[in-house]
Amino acid sequence: MKKRFGTLAGSLLLGGLMAGCGAEQAPEQVEGQLQQLAEAPAQRAPVLENLEFIPSQTPSSATPGLLRARLAQGEQATSIQLTGDDGKPVTLSDNGLNGDEKAGDGLFSGPGIVDLNEHRATQDRIAAFQKETTEPLTVATFNDRVLVRESALTPLPVSIFTPGQVIPLPSSGISRAVNPSKSLIINNPSVVGDPTRTWNPCTNSGNPNGVWTFKHLMTEMANTTAPAPAFTERWLRQWLVNQTVNGRTVPARGAMATQILNAWPRLSTGELDLNRSPFKLVAIVNRLDLGRGNGGPYGSSGAGELRFVFSVMNSQTCLRPYNGFLVIFEYGVPQNQCAQVKTWAQSWQALSSSSLVLGSPAYNTQLQNLTQQVVMRNMAPGKPNGSAINQVRTNEIMLTTPWWEMREFRLFSTATNPRNFTTTTPAPGHLVEHVTVRTPFDMFNNTATITNFLTANNPAILAGTHDVPLDFGATLNFLGAFPQMPNNGFYWNAPSLSTVPNGFNARHKFSLNTCNGCHARETTTNFTHVDAAGALSPFLATGMTNMNTPYNVTDPVSGQVRSFFEIRERAQHLDSAANQSCLIRRLDRPVLFAH
């Protein structure tokens, strides 16, 4: 068979974790392994230029044939690992063996199974969407949240689905099939203020035991570790004393006592009254795009994360736009198998249905059915407390002005590196202060240490796959724990950028991956992407109203203007996961960000 290779638009990614089977392990071993996975940096499969299939039989739901792929420019691999549509592993090689016709020609090949029935149905779906609009249907290729290529999305001809024909297998997520306000970021008052599911501390109304309340989430997270009030207070009291995380002091913010703990109503026992929690829900967020199968930064599942954003409310003024305290619960969705992830994605996309009114009883019931699958106790038996929580993060300026500060907390497990957590108040099963992902201590900003880091990790930074370690060479205690934003213009910089390969771009990518870079100058954001009232930053809001409208940001150092399409990228990932075969879905470019 002569080698032919159709040209496909865009660069594609093969990702995903390979799950192995072995002897039964003790629960503490499983917990330790899962916790280590959660602490590990993301792994990225090589990006591909294209992927295609040559069937050897009449197309069916399990068609055998030859899979072929070519690596994108600059990518290197000895083989390409993926999973066929039959669930079995597939190895593509360029060694002239096992179906590969010529060694060293850059074309990786191997036998595999493809569901061509589903692939043909995808073509019908593309054609149906084309009929609904006069605008051309396109699929976008993103790199670090920036749209770098947009290609026409047209259905393949029926005649191509025959034995011996080369059939392209492109990613074809249709972003316009997703309503962002119903399936991605939900801040509608009829949802986040649902009186049967939420609690409003300003009016002392709602259901204090509702499934979307702060009390419910903390109670399920604590499980049997401690009563929820004590579990909550132990977490909050960490602000009252200096903490030591990765060998450096995190200063106390004593206003935690006056602003929150002392003002919080208590029971006759002296415990916090969680029925009168001051935390008000302002957003529910679906981050399927952070799935580890797509190379996500946290140890989340292939289905990414589910997030709840709460704001501390003052009972007198209600909203605190200039004196805020936001808490984000970030759960790793406990769905790992491809079919599970696909079902999860389809359920979220179903919320976009035009027949389902946002905030209606039917909509809220369907959303509750999704969230309860994640937040309930013992949904992740191998993780601390059996909770699916990955981390709890806070953005606040309430406790010490004038600077916003972010902190990150995880359930403490002795199976992890203790330097990742505070050494001041560690307790198994409790929320304990933790280093912040990919963000050094602020003291290193604009120093030669950052220049050296950009140089030493240049290829990984440019590819978006780098990690920030606890120590960097001779520089100890490098990874930080309480990133701040001294002013709205904060960004990470370094001297002598001209000595760093592609230095200005490397600086931007590094800064964008940090907590305070992403929440400040790199996206022109005032530190919160969801504020105390649930309003979105322009970085997010621009795409919520029109996914095709770019959000332009001028680089603070180079002056380059970048066009971000954050919501469109998230929507495209969701549609891809919900509607494409497992094999083709693995081709989506990775989302490697924590924020």
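**Close-up 1. Ring pairs link nine residues, Phe214, Trp235, Trp239, Trp264, Phe279, Phe310, Phe325, Phe329 and Phe409, into a cluster.** The model shown here is predicted. In total, 26 aromatic pairs are counted.

**Close-up 2. Phe453 and Phe510 form a tilted ring pair.** The two ring centres are 5.6 Å apart. The planes meet at 55°, so the pair counts as tilted. Phe453 belongs to helix 10 (residues 448–456). Phe510 belongs to helix 12 (residues 503–512). The pair therefore ties together parts that lie 57 residues apart in sequence. Both Phe453 and Phe510 are buried.

**Close-up 3. Arg197 sits over the face of Trp212.** The distance to the ring centre is 5.6 Å.

**Close-up 4. A disulfide joins Cys338 to Cys582.** The count of disulfides is one. Its sulfur atoms, in Cys338 and Cys582, are 1.7 Å apart. The torsion about the S-S bond is about -110°, so this disulfide is left-handed. Cys338 is part of helix 8 (residues 338–350), and Cys582 is part of helix 16 (residues 582–585). The bond therefore ties together parts 244 residues apart in sequence. Cys338 is buried, at 14% relative accessible area. Cys582 is partly exposed, at 24%.

**Close-up 5. Cys515 is in no disulfide.** The nearest cysteine sulfur to that of Cys515 belongs to Cys518, 8.2 Å away. Cys515 is buried, with a relative accessible area of 1%. Cys518 is buried too, at 0%.

Definitions and conventions: Residues numbered from 1 in each chain as written. Predicted model: local features only at pLDDT ≥ 70, side-chain atom pairs only at ≥ 80, totals over all residues. Heavy atoms only, no water. Phe/Tyr/Trp six-rings, centres within 6.5 Å; stacked < 30°, edge-to-face > 60°. Helix = DSSP H or I, 4+ residues; strand = E, 2+ residues; numbered from the N terminus. Buried < 20%, exposed > 50% of the residue type's maximum accessible area, 1.4 Å probe, protein only. Lys NZ or Arg CZ within 6 Å of the ring centre and 35° of its normal. Disulfide = S-S within 2.5 Å.
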